[in-house]
Amino acid sequence: MEEAQIDTVGSGVVPIVAIVGRPNVGKSTLFNRLCRDRRAIVDDTPGITRDRIIARVIWGDRPFCLVDTGGIEEQAGQPTLQMQVRQQAQMALEAADLVIFLADGKEGLHSGDAAVVDLLRRSGKPVLFGVNKIDGPEQEDALYDFYRLGVEKFFPISAAHGYGIRDLMDTLLEMLPPETAGEEEAKGIRVAIIGRPNVGKSSLFNCIMGSERVLVSDLPGTTRDAIDVSVTLNDQAYLLIDTPGIRRRSKTRDKIEKFSVIKSLRSIDRCQIAVLLLDGSEGVTAQDVRIAGYIHERSRGAVAAINKWDLVQRDPRRMGEISKSVDDGLRFMPYAPQLKVSALTGKGVPTLLPTVNMVFSQYCTRVQTSAVNDALAQAVSRHEPPMHGGRRTKILYGAQVSSQPPTFVVFVSYPEAIHFSYQRYLTNQIRKAFSLDLTPIRLVFRRRGSDKRRRKR
């Protein structure tokens with residue numbers, strides 16, 4: 001079977017694939033199978049998955065964003081099954097580029113399956129229909145009952161044992177849209193405004209634009225979808241992306257908001273620079289740190305904008321507390337410049353895009369190989385690499401292999417000996433040598449090719 005893996009650093013816009021179905025049909029098991037990771041909790045109790053679980057997956061050299069969704073079921077005090085099925089399926093269709101519908105082959109056809117399949121079939125969105133818990137060809141007779149739904153093809157699979165998964169995924173890859181669809185037309189720096197609900201993202205967006213280009217409301221979660229606006233300011237083109245707020249998962253009970261989270265995370269994929277908007281009246285929360293983590297893991301350029309600063313600037317003690325909370329909460333991304341702004345009064349907002357320009361300039365930096373090796377040699381002369389098996393690890397040479405962000409490959413004698421602390425040291429030395437204090441940097445350590453020949457001697 002073709003192996004899938006989690007991609008933690010790739011770039012570009014990737015399709016979204018959502019797995020939908022009734023509770024306990026095996027959605028989380030299929031999610032784990034495709035991710036090659038037990039990211040989702042799997043249990044025989046219906047309704048275990050209460051929130052969306054998202055993973056970036058590579059299968060057959062194609063990346064996509066896989067979403068495990070909660071089961072669609074009727075609950076006391078909630079809308080009827082028919083209404084709930086329709087609402088959930090419609091939101092899945094809106095957020096996803098492709099949907100995998102999953103049914104339970106052991107239980108057989110269910111009225112809930114019929115309702116959602118009918119909606120999916122008529123939607124026009126690409127859908128793969130799978131019947132799970134089919135462990136081999138001898139059990140495929142269970143599919144016959146499902147063909148009463150009028151679907152042309154069902155894939156018999158076993159998410160637990162892997163039966164039929166390759167056929168399902170081969171078809172999925174053929175149906176996925178191009179990875180970078182629509183991005184080639186985008187002009188200028190792609191800037192996404194990211195943050196929790198009600199921190200003032202839409203207000204900041206409007207302040208930048210100088211007009212009411214998007215809806216502003218005091219109610220959290222007003223912005224349901226990402227909004228793109230192309231604009232040129234001071235001869236610099238931008239694609240500004242206003243996004244829905246990202247709530248902590250246990251707070252995202254509203255199904256529409258849950259799928260808005262997916263779109264916000266995809267906006268991080270799409271952007272080059274993420275403006276992380278923080279609430280200056282509250283300081284940095286745990287969810288702010290999680291969102292910053294998404295930006296950092298995707299190696300996007302970042303600006304931390306502390307909004308509502310007008311509410312605290314008259315209290316020096318409170319100002320100090322907020323500044324310290326930002327420094328502490330975002331200490332893993334010290335390259336992100338911090339701005340104090342007020343989207344309401346406009347104070348500090350004119351400095352935002354010039355700061356984005358500076359970050360973007362470093363984000364696109366290219367360095368000559370000779371300069372990289374000079375910087376590495378000076379770094380090693382100040383602090384030698386660690387020992388490995390009684391021998392000193394050697395830094396042989398390095399080169400920049402890509403930008404956005406600047407990415408360097410360093411060839412060493414023993415990559416496994418490079419501790420995180422020494423990697424951080426080299427990163428800081430490269431930052432200092434090339435004035436890259438405002439951008440994330442990737443360092444990849446590899447063993448030189450001649451080592452294999454040397455070991456044969």
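Strand β5 and strand β6 (residues 127–132) run parallel and are joined by 6 bridges; within this pairing, I100 stands opposite L128 in β6. Strands, like helices, are DSSP runs numbered from the N terminus, with at least two residues (E) for a strand and at least four (H or I) for a helix, and two strands pair if DSSP finds at least two bridges between them. Strand β2 (residues 16–21) also pairs with β5 in the parallel sense, over 5 bridges, and here A18 stands opposite V99 in β5.

The model is predicted, so that local features need pLDDT of at least 70 and side-chain atom pairs count only at pLDDT 80 or more, whereas totals for chains, interfaces and linings use all residues. Residues are numbered from 1 along each chain as its sequence is written, and side-chain values use heavy atoms, with hydrogens and water left out.

How much of β5 is buried? Of the 7 residues of this strand (residues 98–104), 7 are buried, so β5 is largely enclosed by the rest of the structure. Buried denotes under 20% relative accessible area, exposed over 50%, and partly exposed in between, with a 1.4 Å probe and protein chains only. In a regular strand the side chains alternate between the two faces of the sheet. In β5, L98, I100, L102 and D104 point one way and V99, F101 and A103 the other way, and all are buried.

Side chains of opposite charge can pair when their charged atoms come close. A salt bridge is defined as a side-chain nitrogen of Lys or Arg within 4 Å of a carboxyl oxygen of Asp or Glu, and the whole structure contains 11 of them. In one, the side chains of D104 and K133 meet at 2.9 Å, N to O. This pair links distant parts of the chain, 29 residues apart: D104 belongs to strand β5 and K133 to the loop between β6 and β7 (155–156). D104 is buried, with a relative accessible area of 5%, while K133 is partly exposed at 23%.

A further salt bridge joins the side chains of K308 and D279 at 3.2 Å, N to O. K308 lies in the loop between β12 (301–307) and α8 (316–329) and D279 in strand β11 (residues 273–279), so the pair ties together parts that are 29 residues apart in sequence. K308 is partly exposed at 22% relative accessibility, and D279 is buried at 3% relative accessible area.

Another sheet is open and consists of 3 strands in the order β16-β17-β18, with mixed pairing. Its edge strands are β16 (395–402) and β18, each of which pairs on one side only. The twist averages 25° from one strand to the next; axes are lines fitted to C-alpha atoms, for helices over the stretch in contact, and angles run from 0 to 180 degrees between N-to-C directions. β16 and β17 run antiparallel and are joined by 6 bridges, with S402 opposite T407 in β17. Helix α10 (residues 369–382) packs on the sheet and touches β16 and β17, its direction making about 140° with that of β16. Helix α11 lies across β16, β17 and β18 and runs at about 120° to β18.

Terms used. Contact = heavy atoms within 4.5 Å.
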